[in-house]
Amino acid sequence: MAEKDCTEVGLAEKSKPAAGEKIENEKLEGVKVQEAIIKLKLLGQMPDAVKDDPTEETINMYDELLFNVKTPLTREEVGVLIDIFPEGGMYGVEWDLLKLVESYLIEAPSSEEYRKLITACPSEEWRETMQARLDNWENNKQ
């Protein structure tokens, strides 16, 4: 298994960093979190393709950071990723995010823990999508 590039961090503020502020200042209670996930947290919730009209540079930043996330993910890492879902879509990048989040089901102690994580999603559309996909996954397991 490939080793994840992790950084020791503590409980992160929801606000974006001030100009020049370093990522190392980000805290998540002494838990190891991958640097790519810390950077995604600092970027915040993905902009919506229609409502926010993100630049190509912004889309590419999210895309590249998601590409650099390694699995398996910790509960804390999944929590950060769930927080960045856009309201609707962002030119397909949100599907890469969904695949990463859903990869946690392989490691999760229970699907109920994953279901609790889903409830924190800021996007109603993606929260409902993740809940429906989890329901389908559970039904197909039986």
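The chain's secondary structure comes to 7 helices and 2 strands, where helices (H or I, at least four residues) and strands (E, at least two) are DSSP runs numbered from the N terminus. This is a predicted model, in which local features need pLDDT of at least 70 and side-chain atom pairs count only at pLDDT 80 or more, while totals for chains, interfaces and linings use all residues. Residues are numbered from 1 along each chain as its sequence is written, and side-chain values use heavy atoms, with hydrogens and water left out.

**Exercise 1. State the pattern that the chain follows along the sequence, and the share of its residues that are buried.**

Step 1. Read along the sequence, the pattern is β-β-α-α-α-α-α-α-α.

Step 2. Of the 142 residues in the chain, 42% are buried, where buried means under 20% relative accessible area, exposed means over 50%, and partly exposed lies in between (1.4 Å probe, protein chains only).

Step 3. For contacts (heavy atoms within 4.5 Å), residues 24 or more positions apart account for 65% of those in the chain with a separation of 6 or more.

**Exercise 2. Work out which residues of helix 2 are buried, which are exposed, and what covers the buried ones.**

Step 1. Helix 2 spans residues 56-67, and its 12 residues reach 16 Å from first C-alpha to last, close to the 16 Å expected at 1.5 Å a residue; the expected span is 1.5 Å times one less than the number of residues.

Step 2. The buried residues of helix 2 are Ile-59, Tyr-62, Leu-65 and Leu-66. They lie on the same side of helix 2 because they cover an arc of only 135° around the axis, the arc being that of the directions from the helix axis to the C-beta atoms.

Step 3. An α-helix has 3.6 residues a turn, so residues three or four places apart point the same way.

Step 4. On the other side of helix 2, Glu-56, Glu-57, Glu-64 and Phe-67 are exposed, whereas the cover over the buried residues includes helix 1 (35-43), helix 3 (75-83) and helix 4 (93-102).

**Exercise 3. Identify the residues that touch the most other members of the largest nonpolar core, and follow one of them to its contacts.**

Step 1. A nonpolar core is a set of buried Ala, Val, Leu, Ile, Met, Phe, Trp, Tyr and Cys residues joined through side-chain atoms within 4.5 Å. The largest has 36 residues, of which Leu-81 and Val-101 touch the most other members, and helix 1 gives the most to this core, with 6 residues.

Step 2. Neighbours within four places in sequence aside, Leu-81 is in contact with Ile-37, Leu-40, Leu-66, Leu-73, Leu-97, Leu-100 and Val-101.

Step 3. Leu-81 is also among the buried residues of helix 3, together with Glu-77, Val-78, Val-80 and Ile-82.

**Exercise 4. Describe how helix 3 packs with helix 6 and with helix 1.**

Step 1. Helix 3 and helix 6 pack at about 35° with their axes 9 Å apart; axes are lines fitted to C-alpha atoms, for helices over the stretch in contact, and angles run from 0 to 180 degrees between N-to-C directions. Arg-75, Val-78, Gly-79 and Ile-82 of helix 3 make the contact with Glu-113, Leu-117 and Ile-118 of helix 6.

Step 2. The axes of helix 1 and helix 3 come within 9 Å and cross at roughly 35°. Here the contact is made by Ile-37, Leu-40 and Lys-41 of helix 1 and by Glu-77, Val-80, Leu-81 and Asp-83 of helix 3.
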